[in-house]
Amino acid sequence: MAYLPAMPVLTSSTVPDGLTQLLHSARVWRGRELAPALAQSTGFARLDERLPGGGWPLGALVELVPSACGIGELGITLPALKALCAAKRPVVFISSPYIPYAPALANAGLPLELVHRIVVRDDADARWAAEQILRDGTAGAVLLWSQASDERALRRLQLAAEAGRAIAFVYRSPRMLANASPAAVRIALAPAPGTVRASVVKVRGGQPGAISLPVTGTPH
Amino acid sequence: MLWLCASFPRLPIELRQTADVEPVAVIERRGSRRRIIACNPVAEAAGVQVGLDATAALARAPALRLLERSISQEARALKALAAFSEQFSSETCIDAARWLVWIEVGASIHYFTGLTRLGQKLRTEIAALGYTVRFGLAPTLEAAALLSRGRKERAILDPRKLRPILGKRPLNELAADGEILEALSTAGLKSIAEVAAIPAASLARRFGPHFTAYLQCLLGDAPDVRRRYRAPDRYRRHFDCTYPIDTVEGVLFPLRRLLQELQGYLRGRDVALQGLSIALEHRDAPPTRLELRMTTPQRDAPQLFAVLRETLERTTLPEPVTDIRLSADEFITPSILQTDLFDDGQWRAAGWSAVLDKLRARLGEDAVYRLGLNDSHCPEKAWCVRSDGKDAEPDTLLERPLWILEQPRPMDRAPQVLGRPERLEIGWMSGQDSSRDYYRAESPEGARLWVYRDCHTHQWYLHGLWG
């Protein structure tokens, strides 16, 4: 059963029109890193600016490293999740530390019939489930909380995300920041008054740096 | 009428699904004689041939493993093939003793835009089941059968061409007893035309009415009133393993074919499955039973196989498997499957529930669920685990945190709260009267908490986080 996900929008481009057209045409070979990245806008213009293709890369691993739970680590993904749901692509929470609260998700505009949660016994099952879903490609995003310290385990997820052109948000603990990661984007999150401070630690083809984001669901 | 005859010359060996690592042959006993009726490619490479005596075959290939012919297994395999073929035609016949399945294609030709494509499609699908097949095409059943057994696959489309074309063929191609053929040949006859030229009455006197009836049906002089095969409404398939299978991987191998056959059956009836039962039988232990339940009706072998694989990999076999029984009773004709070509969204939904079924098969039924809304005032009751059904309308006026705890967790000390409380009267309708004052608070780590104080006990609870 072949299902091709809806063609994502190529967001924001600062390149002049004629050049954009030329670059997007298949005749120009530009090397792997610079190929137009398929992306889903994060909903935060200042974050989009730092990411290649102007948004969360579709078909890649995005590593989010919050300093604690409840600082806006979920809010930062919500606008993108909403857009993916609008394209009828489900989103799946795997091994989340708490229960995503349905009334709040509905308020944020997520159609609940497309929101799933998976509860597993151990990290291996969680990663397996994430891999199956990503590879299938129907779901638009997987949000996985993983304790895995093994880079290879994450690389499998990266490959699966690529195959299914989905976003794999992987939440990891701050002590993992010292280790290498196969993620295309790596962002450390810290609380700040009324906002969440997002430090883009690593971004393939984008600009690292720190920004403050107003995040829904944190009404201070 | 136009019949496509599929002949399965290697059926007795191919139905056993033996691994192609050792020479294996199937023998038939006739008195004290044991004759090879089929063998695998390894045996063939060693010089074993159909028709050879078992002793002679063993002389050529000493490692040759001999299996007894099983007429009942052959009949089961052919019936499964006929049920599978129903996806291509509404009329099917079988002859289990001769390893033949016929499908009427006259009506289907336009649908499949030509015979060539139909033939190709059928050949590919049968090859995927692991069978060698030869085709013959003709206006009568017996002519199609005869053509399928020739050296070259041939077709006769025009009934008037039956006599001239078949007439030229040697009489030993007739499906008749060896004794009859020998008698005819001793009488100096060579071709079918020469046999057909003999008056029917004298042929019947000499060889019995069956032979003349056969000739008439072959040449289209009399209608063939053979009974059509119709697969039963409940699907049953029994497979006896050639050798007991002791690994899950080993069981998956024959199951793949059984599911392919089932897929053909389902397509033929334009139905899908909601559930499937499989029993793996053992010599002494009670059967290992697998029950597959599908959220969305399925009829594609790969998807059924994926769900089955997950279930099986979670199963321990108490003993080697000797027999496999597959049964399906509940079929549905879901409208979505009929519009499949046009509605990508519906297919996507079906594919998605296949993925969820696969996850449930490994992680457990309760591990995968959808988040739902309840029409409840009480925060812990406002959400629910949902498998299907409709959600209550969200109350968009309420500000609620993105994370909620399964149960409110008592806090050791009073948190540093912010702003004014939201008072909730909980459970006054059910008599468990209690009121809570909900606040926002901040943890020392900077996490934004959703906490409440019980108005009666004054105990503080953590209930959620503003993720």
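A residue counts as buried when its relative accessible area is under 20%, as exposed when over 50%, and as partly exposed in between (1.4 Å probe, protein chains only). This is a predicted model, in which local features need pLDDT of at least 70 and side-chain atom pairs count only at pLDDT 80 or more, while totals for chains, interfaces and linings use all residues. Residues are numbered from 1 along each chain as its sequence is written, chains are lettered from A, and side-chain values use heavy atoms, without hydrogens and water.

Start with helix α6 of chain B, residues 141–148. Helices here are DSSP runs (H or I, at least four residues), numbered from the N terminus. Eight of the eight residues of α6(B) are buried, so this helix is largely enclosed by the rest of the structure. Among them are B:Leu141, B:Glu142 and B:Ser148.

Next, take two helices of chain B that pack together: α4 (residues 71–85) and α12 (residues 248–269). Their axes, lines fitted to C-alpha atoms over the stretch in contact, lie 6 Å apart at an angle of about 45 degrees. α4(B) and α12(B) are therefore oblique to each other. Contact means heavy atoms within 4.5 Å. From α4(B) come B:Ala80, B:Ala83 and B:Phe84; from α12(B) come B:Gln260, B:Glu261, B:Gly264 and B:Tyr265.

Now look between the chains. 55 residues of chain A touch 49 residues of chain B. The buried area, meaning accessible area (1.4 Å probe) lost on being put together and summed over both parts, is about 4,600 Å². Carbon and sulfur atoms give 66% of that area. The count between these chains is one salt bridge, a side-chain nitrogen of Lys or Arg within 4 Å of a carboxyl oxygen of Asp or Glu. A:Asp125 pairs with B:Arg362 in a salt bridge, with the closest N and O atoms 2.8 Å apart.

Note on methods:
Axes fitted to C-alpha atoms, helices over the stretch in contact; angles between N-to-C directions. Parallel < 35°, antiparallel > 145°, perpendicular 65-115°, else oblique. Buried area = accessible area lost by both parts, 1.4 Å probe.
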